[in-house]
Amino acid sequence: MPETASCASQATSDSRVILQVDHLSKQYKGGFQALDEVNLEIRRGEIFALLGPNGAGKTTLIGVICGLVNATTGHVLVDGHDNVSEFRQARQRIGLVPQELTSEAFSKVWDTVSFSRGLFGKPPNPEHIERVLRSLSLWEKRNNRLITLSGGMKRRVLIAKALSHEPDILFLDEPSAGVDVELRRDMWAVVRGLRDRGVTIILTTHYIEEAEEMADRIGVIRGGKLMLVEDKHTLMSKLGTKVLTLRLVTPLKALPASLSGFDLSLSTDGLSMDYGYRSAPQQDGEDTGSNSSQGGDTQSSIANLLAALAANGIEISDMDTRQSSLEDIFISLVKEQP
């Protein structure tokens, strides 16, 4: 089973853990339960993607960790500092890029980014501000007032502000929402560079292909509950499936009853069929081709299928396989009944 939220039930002394969320709940006055007993540990220098449908609790969780929302129960440690009793020490270690494009309309880019650094008690460092602005293609806009910038450029400024005080943890809350392809490419290049320098990245995104490309670990939240936390590759191995598409020489009107033991679906034109099977390697005698009642491992299950097709006089002209994506897995998880 994937790693679940019970991992942070007690304070940890593991130096690899930079962020610990322990039994965190948030209930609003109207009774809405935004977070329900969330436990989570984030490792230093990883990229962690938090996925979930709208209203799942992603932004609320980020708000509580960053000290912008008060939790009902539970606590958060940021690099060993309680984010309530040691708010200043905890918050200095966090950079936040929010969803909303909020900015001081008449401030200049250089001024607003430099001012943000000062808010965290950091001494002036023009060289660092210049590096950040250049990395986000903002250097040529440094003397522009924010009101004159496009939405994409304003998003870049938000990222620059979050990086101005050199945080150890960077939260990116839907950073790609409504931005152009160029910014998205620049932003992920910056994110990779930050991770290479040891910065921990936590992102929420609706672009699941980005999480699949960028993240080291994946968390899925639904209805305020953290459903699972898992290494990306392990998750895709455990929950992913492969689909073998078989193209037929002669179309079929329906699948023969003798093939009912296989997980087969026939195309509408009857010219191809799909066979789904688990992609995880066989372990301890487990039948990884478990969707077939014919038994055996993946290879023997496919061999049994081909033999059954031949026995029914069904000729194959071609075949290929495809691996389920993280998006496929995410959709299947959030559709599951509680």
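This is a predicted model: local features need pLDDT of at least 70, side-chain atom pairs count only at pLDDT 80 or more; totals for chains, interfaces and linings use all residues.
Local features were taken at pLDDT of at least 70 and side-chain atom pairs only at pLDDT 80 or more, while totals for chains, interfaces and linings use all residues. Residues are numbered from 1 along each chain as its sequence is written, and side-chain values use heavy atoms, with hydrogens and water left out.

The secondary structure of the protein chain comprises ten helices and 14 strands; helices (H or I, at least four residues) and strands (E, at least two) are DSSP runs, numbered from the N terminus. Of its 338 residues, 46% count as buried, a term that denotes under 20% relative accessible area, with exposed over 50% and partly exposed in between (1.4 Å probe, protein chains only). Among contacts (heavy atoms within 4.5 Å) with a separation of 6 or more, 68% join residues 24 or more positions apart.

Four strands form an open sheet in the order β2-β1-β4-β5, with antiparallel pairing; two strands are taken to pair if DSSP finds at least two bridges between them. Strands β2 (33-43) and β5 (81-82) stand at the edges, each with a single partner strand, so one side of each has no neighbour in the sheet. β1 (residues 17-27) is joined to β4 (residues 73-78) by five bridges in the antiparallel sense. Within this pairing, S25 has T73 as its bridge partner, and L19 stands opposite V78. On β2, β1 is held by seven antiparallel bridges, and V17 is partnered by R43. The two strands form a hairpin with five residues between them, and G31 in the turn has a positive phi of about 100°. Nine of the eleven residues of β1 are buried, so this strand is largely enclosed by the rest of the structure. Helix α1 (residues 58-65) lies across β1, β2 and β4 and runs at about 115° to β1; axes are lines fitted to C-alpha atoms, for helices over the stretch in contact, and angles run from 0 to 180 degrees between N-to-C directions.

Strand β7 (residues 169-173) has parallel partners in β6 and β8. Four bridges join β7 to β6 (residues 94-97), where I94 stands opposite I169. Five bridges join β7 to β8 (residues 200-204), where I202 is the bridge partner of F171. Five of the five residues of β7 are buried, so the strand is largely enclosed by the rest of the structure. Both of its faces are covered, with I169, F171 and D173 on one side and L170 and L172 on the other.

Helix α3 (residues 109-119) packs against two helices, α4 and α5. The axes of α3 and α4 (residues 126-135) come within 11 Å and cross at roughly 120°. The two helices are therefore oblique to each other, given that angles under 35 degrees count as roughly parallel, over 145 as roughly antiparallel, 65 to 115 as roughly perpendicular and the rest as oblique. The contact involves V109, W110, V113, S114 and R117 of α3 and P126, H128, I129, E130 and L133 of α4. With α5 (residues 151-163), α3 packs at an angle of about 30°, the axes being 8 Å apart. Here V109, T112, V113 and S116 of α3 meet V157, A160 and K161 of α5.
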